[in-house]
Structure formats: C-alpha cells, structure tokens
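Student: Could you help me learn how to read a protein structure, one feature after another?

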Amino acid sequence: MTCGCGNRLPITYRIASVKKETEHVQTFTFAVSLGAKPGQFIMVWLPGSDEIPMSVALDDGKKLQITFFAVGDTTKKLASLKKGDLVGLRGPFGTHYEWKPKQHLALVAGGYGAAPMFFAATEAAKDSCTITAIVGARSKEHLLYLDAFSGLPGTTLSVATDDGSQGHKGYNVDILRDILEAKTLQLRSGSTARAVDQVFACGPEKMLLAVSDLCFQHKVACQLSLERYMKCGYGLCGNCAVDASGMRMCTDGPVVKNDVAREIMEFGKYHRDGLGKKHPL
Amino acid sequence: MNLSQTVLGVTFQNPTVLASGIWGITASSWRRVAQNGAGGITTKSLWLSEHKGHPNPTIISTEHWTLNAVGVPDAGIEKAREEIGDYMKGPAGGPERIRRVPLIANIIANTVENYGKTAAEIAKLQPDFLEVNISCPNVEDEFGKPFACSAHDASAVTKAVKSVSGKIPVFIKLSPNVDDIGSIAAACVDAGADGFTVINTVGPGMAIDLKSRLPILANKVGGMSGPAIKPIAVRCIADVYRATGGKLPIIGTGGIMTGEDAIEFLLAGATLIGIGTAIGYRGAEVFRLVCEEMAAWGEAEGVQDISKLIGGMHQALSSRSL
C-alpha cells in the first residue's frame with residue numbers, strides 16, 4: 001500500500017554548521033535536503049530527549065536549515081549542541097505558502113517567524129516576485145534575517161520594533177496597514193506602486209489575527225502560518241485539530257488561507273496543550 | 001449489502017467506528033470523523049483527573065507499522081463534560097455540520113476503585129456505550145502490567161464499572177499481549193461485560209536510531225498498530241468469539257486498512273469495526289472508503305446483509321466438521 005509514509009521515522013543527521021543569529025537565536029545547517037517548501041515544518045528530535053515541530057528556515061535542495069529561539073527546555077538543550085552532534089529530523093509535513101510568478105508579495109514576519117518568511121522570499125524571488133518584507137520584533141537585538149532579506153533581488157525591507165530601537169516604533173502590522181492603504185508603498189519600495197497581490201504572515205498569533213483582519217478589510221489574499229501543539233505531524237493523533245471544523249493543523253495547515261483561518265473559531269482566542277486543555281492566547 | 005445494524009439497542013449506519021486513541025480529543029474532531037463516514041466514534045481514553053502523557057517522539061511509523069507511546073494524556077473530567085456535552089447536543093439526523101453518530105466513551109483509571117468512579121461520572125453524560133481501557137501497554141512503568149493481563153483484575157474492573165453504568169452497555173477493551181485472551185474474556189462475561197473491543201495495541205515494541213543508538217520513542221517502548229498486526233487481531237477476535245459463544249458483540253480493531261480487512265474481521269466474529277491507524281495511511285476518508293469496499297464485496301458475493309457475515313468463519317469450520 002502506498003501511503004507516502006517514508007518520512008515518519010526520524011533520521012539522525014550531524015549538524016554541519018551552527019550560526020549564532022542573536023543572543024538566544026541560532027541556525028543549524030544540515031547537509032541534507034528533505035524537499036521542504038516554505039511554510040512546511042519538520043519534527044526535530046533531540047535523541048534521548050524531546051521532539052518538537054519547527055518551521056523549515058531553508059531547504060535549497062542541498063542543505064536544510066532551522067532557526068530557533070532557545071526559550072523552552074528542548075530548544076535550550078538544542079542550543080547547547082555543536083557542529084557534528086546528531087539531531088533527528090522527520091518530515092517535511094503540512095501545507096506551504098503558494099504564489100504565482102511575478103506577484104507582489106508582502107511578507108509579515110514577527111520574531112523568529114522571520115526564518116520561514118525568508119525561505120518564502122528566497123523561493124518567490126526565483127519566480128520573479130516583487131517582495132515587500134516587513135520584519136518585526138520586540139527590540140533591535142531580536143530582529144532576524146535583516147541582512148539576508150536585504151540581499152534578495154526584488155526585495156524591499158521594512159523594520160518595526162516595539163520599543164523603536166530600530167525602524168518603525170510599533171508593530172510590523174502598522175507598516176502593512178500603510179502599504180495596503182497605499183499611502184507609503186511607493187516611498188518604501190522605491191519602485192512601482194503596484195498593489196500587493198498577497199500577504200504572507202508568520203509570527204505570534206495576535207499578529208496573525210491583526211494581519212487577517214487587515215487583509216479581510218482590504219480584500220487582499222493572505223496566507224497565515226498557525227502553530228498548534230503537534231505530536232505525530234502527519235494527521236493521525238488529532239492533537240492539533242482546531243475548533244470547530246476539526247481540521248488538523250499538521251496536514252490541513254500550518255499555512256492556511258485567510259478564509260480558512262477566519263472560520264477557525266479558536267484562531268486568535270485559544271489553543272490546546274498536549275492534554276487537549278484550552279489555553280487563552 | 002445493507003451495512004446498518006442495531007447493536008445492544010444502538011443503531012449504527014455502518015460498522016466502522018473510530019478506534020480510541022487518535023483524533024478523539026474534541027467534539028470538533030469527532031464530528032469531522034462522522035462527516036468522513038464513520039458509523040460511530042470512540043473517545044480517547046478519559047481519566048477522572050488530569051493525566052500527563054509522555055514527551056515526544058510519541059508516534060512513529062513505517063508503511064507496515066505504527067508505534068505509539070502517547071501515554072494516555074487527558075485533561076480530566078471537566079474537559080470530558082465539556083466535549084461530550086457539546087457533541088451530544090448534535091441531533092442524530094441533523095445537518096452534516098453537527099450530525100452525531102453513536103458515541104463510545106473510553107475510560108481509563110489506575111485502580112479498580114477509580115475505574116468505578118470514572119465510569120460513574122462518564123455514565124452521567126449518557127454516551128451510547130462505555131469502553132473500558134484495561135489494556136494500554138504504554139503506561140507500564142507508571143502502573144505496572146495492564147489489568148487485561150489477569151483474568152482476576154479484568155473481572156474486578158468489569159464489576160466495578162458495571163455496578164455504576166446503569167443501562168449503558170459496557171465493552172471491555174482487551175490486550176493481545178496475553179497467553180489466553182479467551183479465558184480473560186470469559187472472566188469478564190461472568191463479571192457482567194456486555195461486549196468486547198479486541199484488540200488494543202501489540203507488544204510493546206521498540207525502534208532504535210542507529211547513529212545515536214537510542215530508542216526513538218521517548219518512552220523507549222510503544223504499542224504497535226497498523227497493517228502488520230492484523231493477523232493477531234483476527235486470531236484474538238476469533239478466540240474471544242469462541243470463548244463467549246458468539247453471544248456478545250465484539251468491536252474488532254487492529255490493522256484494518258480496507259473493506260476486505262473489515263469483512264475478515266466480521267467473519268472472525270466482530271460486529272463493529274474499529275479503525276484508527278489507517279487514517280494515517282489512507283486519510284480521514286478511510287471510513288467511507290472501507291464502507292464502499294465492503295458494500296462492493298457484498299454485492300459481488302451476493303451477501304444482502306452485513307449481519308450474515310458475523311462469525312462466518314466459525315460456522316464454516318463447524319459445518320466442515322459435521
């Protein structure tokens with residue numbers, strides 16, 4: 001029976017290189033491609049310990065990267081690993097961002113959502129897309145991938161920090177609002193004033209909700225990456241099923257179109273833990 | 001072929017039932033399974049109080065097998081009240097969005113006494129059946145050998161549940177990991193069981209990562225399901241059917257992928273068919289697919305009614321020996 005289930009056991013790979021992005025954020029590179037597309041996730045296993053879902057930060061057919069913030073028990077343990085250490089990878093799983101050649105894409109990245117947004121930008125640039133990247137973080141030292149975005153062809157970068165330590169003081173969504181209202185598009189892009197065809201967003205759920213509302217108001221297509229507690233990653237356990245549709249975010253997501261997101265009753269309100277218990281955002 | 005049956009007073013439009021353990025966490029999930037054609041659904045095991053599961057990796061698989069050591073996590077009785085209450089509001093013949101099919105509430109506990117307490121609380125929510133998980137192989141480090149491994153313990157749990165379940169039929173979920181599943185079933189019948197679910201996962205089993213030399217599952221071992229366990233399930237169903245004289249309904253589960261697998265389970269003695277791991281192989285539409293395949297088989301073989309198949313292997317064997 002063909003089940004396409006060759007990716008359901010973790011395979012361990014040695015870390016090929018480690019790059020420190022900020023004080024708490026690192027990027028691991030592995031000399032392998034899993035054929036992941038922007039927005040898809042993999043399950044990252046620390047042998048003998050836990051396994052957690054992570055967005056793929058890059059998969060260019062030769063190497064795969066993950067960028068993570070050492071914030072929980074497992075990511076802190078991962079952060080202590082060095083070049084040559086073993087990490088298990090399983091996947092890729094889930095849906096991915098989709099675009100058409102030559103579209104104008106506005107990419108809204110919050111915190112370490114910058115990593116998958118950069119992956120999307122890299123691939124969309126190959127399709128001659130015009131990209132407006134809007135990267136936000138709490139403060140200057142938490143901003144990620146700025147140099148990487150700056151180096152991409154056809155890409156304009158805007159920055160927002162909550163405390164104003166770099167770029168716009170406030171939220172990245174403020175900049176998106178300006179662009180969708182076409183007040184500052186020409187100024188920031190420095191090129192054409194062509195309207196945004198699609199908005200992609202990855203980051204904290206409150207940011208996603210704000211992006212969703214804004215795109216809904218302006219009737220602009222948008223794709224959002226929703227994070228839910230994952231176990232199997234391939235649609236079996238049901239832990240990431242959302243109310244009220246019962247869609248599983250590991251297979252029907254994590255990247256969902258705005259009309260789908262807006263039908264998810266719990267979007268922007270609550271999520272469930274590994275016990276199925278609800279937690280408000 | 002007619003696929004509908006009435007089992008202990010409960011009508012199932014078709015014999016496929018979501019097996020306990022997967023997809024069974026929320027009312028939203030249960031409804032989605034029903035929309036995909038399941039004749040009934042079983043909740044994930046419900047505890048009286050919050051119970052933490054194991055860390056990831058908890059579920060891994062190949063094309064032949066799935067190993068799981070989720071560790072029976074649950075938020076406890078309050079969540080069960082909320083989700084079952086939400087689900088039971090849906091009318092049986094209502095719009096597809098909220099249609100409800102029979103609900104089997106699966107319960108678990110750590111002591112005989114707590115099985116009784118849990119059953120009493122869940123029975124208040126009026127599920128169609130109670131299914132008693134005495135056979136999970138993933139929590140042995142925590143609780144020791146499952147109750148299903150001893151006729152004495154299995155019988156004690158059955159009595160405790162039956163004493164508080166009222167009119168709700170009680171199905172005991174048995175373990176294949178025993179010497180004589182028939183004698184354990186017989187002990188449960190004596191204690192008042194109304195039916196059986198056969199089988200829980202096999203093993204436990206283990207998978208090792210070659211380079212790190214470590215077991216992949218955080219719990220090291222996990223229960224095995226998937227296509228590879230089907231022959232064990234068929235044999236266990238046949239054993240339980242024989243040991244109980246074919247008088248009690250059996251929910252046959254373990255490795256079913258296709259309609260023909262389901263027919264085989266019916267011939268071994270199952271009345272209903274539990275489907276779980278197959279969702280990971282054929283998608284959520286597996287319930288509808290299995291029903292279509294069963295119906296097609298029935299048409300080809302000239303079988304008018306699914307009930308004519310139940311226990312068919314035993315009848316065929318006895319007719320040969322006459």
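The dialogue below goes through chains, domains, sheets, helix pairs and backbone details.

Student: What should I know before I start?
Tutor: This is a predicted model, in which local features need pLDDT of at least 70 and side-chain atom pairs count only at pLDDT 80 or more, while totals for chains, interfaces and linings use all residues. Residues are numbered from 1 along each chain as its sequence is written, and chains are lettered from A and ligands numbered from 1 in the order in which they are written.

Student: How many residues of chain B are in contact with chain A?
Tutor: Two residues are in contact if their C-beta atoms, placed from the backbone, lie within 7 Å. Here, 39 residues of chain B are in contact with 32 residues of chain A. On the side of chain B that touches chain A, α1 (27-35), β5 (59-61) and α9 (279-282) of chain B each supply at least two residues. The largest share, four residues, comes from α1(B).

Student: What kinds of residue make up the side of chain B that touches chain A?
Tutor: They divide into 18 nonpolar, 12 polar and nine charged. Ala, Val, Leu, Ile, Met, Phe, Trp, Tyr, Cys and Pro count as nonpolar, Asp, Glu, Lys and Arg as charged, and the others, Gly among them, as polar.

Student: Which domains does the assignment give for chain A?
Tutor: Domain bounds come from an automatic or database domain assignment. For chain A it gives domain 1 (11-93) and domain 2 (104-280). Their C-alpha centres lie 21 Å apart. The contact takes 19 residues from domain 1 of chain A and 18 residues from domain 2 of chain A. On the domain 1 side, β3 (41-45), β4 (51-55), β6 (64-69) and β7 (86-93) of chain A each supply at least two residues. The residues of that side divide into 11 nonpolar, five polar and three charged.

Student: Now sheets, please. In what order do the seven strands of the open sheet in chain A run?
Tutor: Two strands pair if DSSP finds at least two bridges between them. The order is β11-β10-β9-β8-β12-β13-β14 (chain A), and the pairing is mixed. At the edges are β11 (168-169) and β14 (255-257) of chain A, each of which pairs on one side only. Inside this sheet, β8 (residues 104-110) of chain A and β12 (residues 198-202) of chain A pair in the parallel sense over five bridges. As one bridge to find, V108(A) has A201(A) as its partner in β12(A).

Student: Which strands stand at the edges of the four-stranded sheet in chain B?
Tutor: That open sheet has the order β5-β6-β12-β11 (chain B), with antiparallel pairing. β5 and β11 (202-205) of chain B have a single partner strand each, so one side of each is left without a neighbour in the sheet. From one strand to the next, the twist averages 30 degrees. Three bridges join β5(B) to the antiparallel strand β6 (residues 66-68) of chain B. For S61(B), the bridge partner in β6(B) is T66(B).

Student: How do I describe two helices that pack together?
Tutor: Two packed helices are described by the angle between their axes and the distance between the axes. Axes are lines fitted to C-alpha atoms, for helices over the stretch in contact, and angles run from 0 to 180 degrees between N-to-C directions. Helix α8 (residues 259-268) of chain B and helix α10 (residues 286-301) of chain B pack at about 70 degrees, with their axes 7 Å apart. That makes α8(B) roughly perpendicular to α10(B). Angles under 35 degrees count as roughly parallel, over 145 as roughly antiparallel, 65 to 115 as roughly perpendicular and the rest as oblique. Among the residues making the contact are I263(B) of α8(B) and W297(B) of α10(B).

Student: At what angle do α5 and α6 of chain B cross?
Tutor: The axes of α5 (residues 151-162) and α6 (residues 181-190) of chain B cross at roughly 30 degrees and come within 8 Å. α5(B) and α6(B) are therefore roughly parallel to each other.
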